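Here is a short report for a first look at this structure. Start with the model itself, then read the notes below.

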Amino acid sequence: MQETPTHDIRIVEGEDFQTSLQLLTNGAPDNLAGATFLGQIRAGFADTDPVLATFTFTTPVQASGEVFISLAAVDAAGLSALIDPYSPRRPTGYYDIFVTPPGGLREYLVGGRVLYQPTISRSA
């Protein structure tokens, strides 16, 4: 059985978040033309836990196998629901990302904890 890839990410309140993944098969970049991606953040794993944020995906050079994953600061506002008033320094949620190639089967890529860092400064 293949091990499930995990990678924790940190999202800072008020900042835009961006990272990337490169998808390879036998060391060669996958062509991502027509592929669709889904990635969400929730407070927990239950079906009743609402989606707090949804990532945006771009593949500027589809033949490179690289996908950019982003979350604008305004779209991350829902992550404030992760803040526990009794433990405000460690707000944690969870995310995962799936890819579906054209005509293919949906595949889990990566997931892990979302470490949400609240900030003090606010825009006027």
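## Terms and basis

Strands (E, at least two residues) and helices (H or I, at least four) are DSSP runs, numbered from the N terminus. This is a predicted model: local features need pLDDT of at least 70, side-chain atom pairs count only at pLDDT 80 or more, and totals for chains, interfaces and linings use all residues. Residues are numbered from 1 along each chain as its sequence is written, and side-chain values use heavy atoms, with hydrogens and water left out.

## T59, a loop residue

T59 lies in the loop between strand 7 (56-58) and strand 8. T59 counts as buried because its relative accessibility is 18%. Buried means under 20% relative accessible area, exposed over 50%, and partly exposed in between (1.4 Å probe, protein chains only).

Contact means heavy atoms within 4.5 Å. Not counting residues up to four places away in sequence, T59 touches L32, F37, E66 and V67.

## The core and F37

A nonpolar core is a set of buried Ala, Val, Leu, Ile, Met, Phe, Trp, Tyr and Cys residues joined through side-chain atoms within 4.5 Å. The largest one has 25 residues. Those with the most contacts inside it include F37, I41 and Y95. Its largest share, 4 residues, comes from strand 10.

F37 touches L23, L32, F57, T59, V67, F98, V99 and L109, again leaving out residues up to four places away in sequence.

## N26, another loop residue

N26 is found in the loop between strand 3 (24-25) and strand 4 (28-29). N26 counts as exposed because its relative accessibility is 82%. Its phi is near 55 degrees, a positive value in a residue other than glycine. Most residues other than glycine have a negative phi.
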